[in-house]
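Here is a short tour for anyone meeting this structure for the first time. Take a look, then read on.

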Amino acid sequence: MQLLEIFDPKAAPKPVGIDLGTTNSLVARVRDGKPFVISDCNQNKLVPSVVHYDPRGRVVVGHDAARLAAEFPRETIVSVKRFMGRGADDPETRRLGPYEFAPANSPEEAKTVRFLVRGKTVTPVEVSAEILRVLRQLAEDELRSVGGVVITVPAYFDDAQRQATKDAGNLAGLDVLRLINEPTAAALAYGLESRKNGLFAVYDLGGGTFDITILLLDDGVFQVRSTGGDSALGGDDMDRALAVKILKDLGAPTDPPRELVRLALDTARRIKHGLTDATQVEAEIDIAGATRTLTVTRDEFEALAKPLVERTGVACRRALRDAGVSPSELDGVILVGGATRVPLVRRYVEQLFGKPPLLDIDPEEVVALGAAIQADILAGTKERADEVLLLDVLPLSLGLETMGGVAEKVLPRNTTIPAGARQVFTTYADNQTGFHLHIVQGERELATDCRSLARFVLKGIPPMPAGMARLEVTFRVDADGLLGVTAKELTTGIEQRVEVTPSYGLSDDEVEAMLMSALDHGEEDLERRQLVEARVEAERVLHATRKALVADADLIETVDERKRIDEAIAALERAVSGDKQSLIRASTDGLDVATHDWAGRRMDRAIAKAIAGKEVELVEQAVAHAKGVDAHVVEHGRADAGLPAAES
Amino acid sequence: MRDPFETLGVEPRFDIDLDKLAERHRDLSRALHPDRYAGAPAAERRLALGRAIEVNDAHRVLKDPVRRAEALLRRAGVPIGETAEPKPSQTLLMEMMDQREALADARRSKDLAAVHELASATRQREHAVLVKLAHAFSAGENHAEAALPLVGELRYVRRFLDEVSAIEEDLAP
């Protein structure tokens with residue numbers, strides 16, 4: 001079975017799920033309806049998220065890189081995820097670590113950290129892309145061709161961190177279908193496996209991030225009620241706390257050499273792992289040729305880890321409150337992430353939620369398995385697509401800076417996505433001709449305490465007295481959790497629109513340039529990749545259209561409409577069999593236009609069905625479609641998908 | 001904005017069954033969520049995205065009693081918003097000020113029991129207002145104006161409860 005797949009020259013691209021972790025990364029796929037983690041030739045499932053840059057300019061990733069970390073601390077990037085979407089002056093960047101950073105030449109550049117490695121600068125996006133490339137290779141070795149990809153991110157990642165992750169995926173040559181939240185992915189894998197319904201908490205303590213998610217499992221719908229966390233708290237911090245103690249015990253200077261820092265961090269991690277089963281661990285550490293022996297007891301380690309573990313409680317209580325749920329109402333607590341193997345963490349979780357956590361899942365594999373299932377659903381290849389649905393939320397409030405530097409929330413945290421909201425602002429000075437818009441993310445009162453996502457200016461407003469101009473700002477968050485903002489001025493009839501996609505310091509041009517240089521034959525490779533992507537997209541659309549023709553052909557109103565749809569299908573089929581990318585794209589658009597009105601009617605029917613419930617469905621089957629459905633279509637038949645207005 | 005009751009296809013009333021509402025939201029999401037249209041042509045995906053946003057927004061409005069009441073008033077053609085509504089009564093303002101001072105004291109002295117007590121008193125009051133509002137709205141759209149002062153009171157009470165919860169969380173062991 002597996003061999004056949006590898007050697008089938010016509011193998012269709014297959015979707016995969018990727019858990020891009022702080023410490024380890026995994027790639028998984030669905031086979032015969034069940035998700036599996038893909039292993040390398042040595043049967044390793046975990047790829048350490050470590051990237052080493054060697055003197056000849058080659059890149060080493062994974063286990064081999066991890067072995068080089070101690071000897072080349074500056075040239076080996078460990079836990080790069082902690083730096084994703086973070087600026088040069090972020091507190092996270094200044095923590096105990098062996099790296100050297102390139103100075104930022106401009107405020108724009110300062111928005112992303114740049115590692116200085118062997119005289120060259122690399123961004124976290126590029127480092128992550130190296131890890132993703134290795135995972136892609138791993139998947140291709142098994143599947144021959146990789147199609148769409150779902151990558152998981154911590155639920156508490158902000159917009160900049162998400163955008164950076166998506167860019168890393170593109171840079172690695174992956175067709176990123178979706179970013180999904182790690183706890184949600186875990187719940188998906190767990191829920192489908194156990195077939196349980198109910199209210200669950202997912203406690204996800206990884207290498208560098210902590211997430212808590214409260215969600216409802218209801219017959220295939222996975223609805224997140226609330227999420228919270230800390231995107232700079234994880235097992236790494238326990239290592240760091242222990243490393244500080246080790247360095248002190250060794251009598252190291254206050255500013256120890258980088259090699260020693262790396263060594264202390266690695267030793268600390270080994271000790272932490274040992275203390276999962278043992279109550280006392282001895283570790284040897286080689287310094288300048290001499291071997292020193294350290295003994296750490298579990299009690300000593302727990303004393304260091306306790307304040308960190310307790311920090312998770314704050315987020316948990318808030319998530320419970322946001323969900324309007326008390327611990328006794330939970331049907332179970334699911335543990336995710338390697339750091340939940342620490343006995344102290346398990347005891348703390350049990351005490352916090354008043355029940356022992358569920359232990360029948362592998363906390364390190366479950367996220368990748370969930371991602372694979374979601375990739376399978378989004379690729380539209382499985383029947384399951386009709387049974388399973390993830391409803392996730394916005395982890396952090398989105399808002400605008402208003403007068404006095406106050407952050408006005410436009411979309412509050414834990415709003416179900418996709419989401420949209422509109423808010424109207426006005427001028428505060430006479431004859432003000434421009435609006436400065438500053439988009440922020442976070443829960444704090446003041447904009448300066450929130451994460452700055454984007455700034456832009458809307459110009460050309462005619463002079464008016466203060467308070468007369470009406471600026472309407474629309475926020476829109478898609479199912480990836482990524483934000484788009486538009487603004488227009490209403491009163492003058494002059495409509496200006498500014499599209500803003502928040503950035504984290506890498507411009508589109510920079511990402512494009514990275515992409516070109518990452519490919520061996522630059523342009524040629526890029527074109528080939530775009531052709532493959534256009535084909536995959538076209539096949540997807542054709543498949544969906546054919547499926548719809550089986551189910552909803554009766555909603556096509558005229559013979560002429562049917563003819564246009566059939567012709568557009570035939571044209572796209574012809575285009576796909578050729579290799580002109582532009583023709584495939586144009587024909588895909590053609591089918592798009594031909595099916596547009598019919599799609600609106602089908603959506604109305606779907607709504608009518610959902611509202612009318614099962615009774616109507618039964619009636620429908622018995623009496624043929626016509627009347628009941630038509631009545632609903634009229635009632636709900638405003639076909640244009642207008643933006644939802646929100647607050648005044 | 002489209003009427004949220006219509007968007008979700010539920011009867012426009014104040015004492016709505018929140019579990020049923022959530023179920024309706026889930027059913028509509030099953031039909032409209034962008035994931036359902038992952039393979040569909042681009043225009044169809046945009047259409048689904050717009051509809052899904054509308055459904056999510058309607059659910060968000062109807063879950064919140066203040067915004068649900070506002071939606072009912074809007075249906076009845078009663079102007080709402082700070083400038084359009086009558087000023088809250090002097091009694092209400094005085095009461096809220098006293099409550100606020102009591103909360104500030106409890107916070108300063110880290111007296112969690114006192115905070116809990118204020119919380120439970122305010123929750124009782126919230127419940128009473130909700131019952132009165134349901135009653136006011138059940139009299140029909142022509143009498144919706146009677147609900148206006150109650151909506152004002154509910155806003156104050158809910159805002160106070162938010163603060164109480166935040167303090168409860170801060171002071172929690």
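How many bridges join strand S24 of chain A to S25(A)? There are 7, and the two strands, S24 (residues 471-477) and S25, run antiparallel. Strands here are DSSP runs (E, at least two residues) and helices are runs of H or I with at least four, numbered from the N terminus; two strands pair if DSSP finds at least two bridges between them.

This is a predicted model, where local features need pLDDT of at least 70, side-chain atom pairs count only at pLDDT 80 or more, and totals for chains, interfaces and linings use all residues. Residues are numbered from 1 along each chain as its sequence is written, while chains are lettered from A and ligands numbered from 1 in the order in which they are written.

Back to the pair: S24(A) and S25(A) make a hairpin with 5 residues between them, and Gly481(A) in the turn has a positive phi of about 85°. Across the strands, Thr474(A) sits opposite Thr486(A) of S25(A). Thr486(A) belongs to the uncovered face of S25(A), along with Gly484(A) and Lys488(A).

Now for chain B. In all, 42 residues of chain A are in contact with 35 residues of chain B (C-beta atoms, placed from the backbone, within 7 Å). H14(A) gives the most to chain A's side, with 12 residues. Here is that side by class:

| Class | Residues of chain A |
|---|---|
| Nonpolar (Ala, Val, Leu, Ile, Met, Phe, Trp, Tyr, Cys, Pro) | 23 residues |
| Polar (the others, Gly among them) | 11 residues |

Technical notes:
Contact = placed C-beta atoms within 7 Å. Buried ≥ 20, exposed ≤ 12 C-beta atoms within 10 Å, placed from the backbone.
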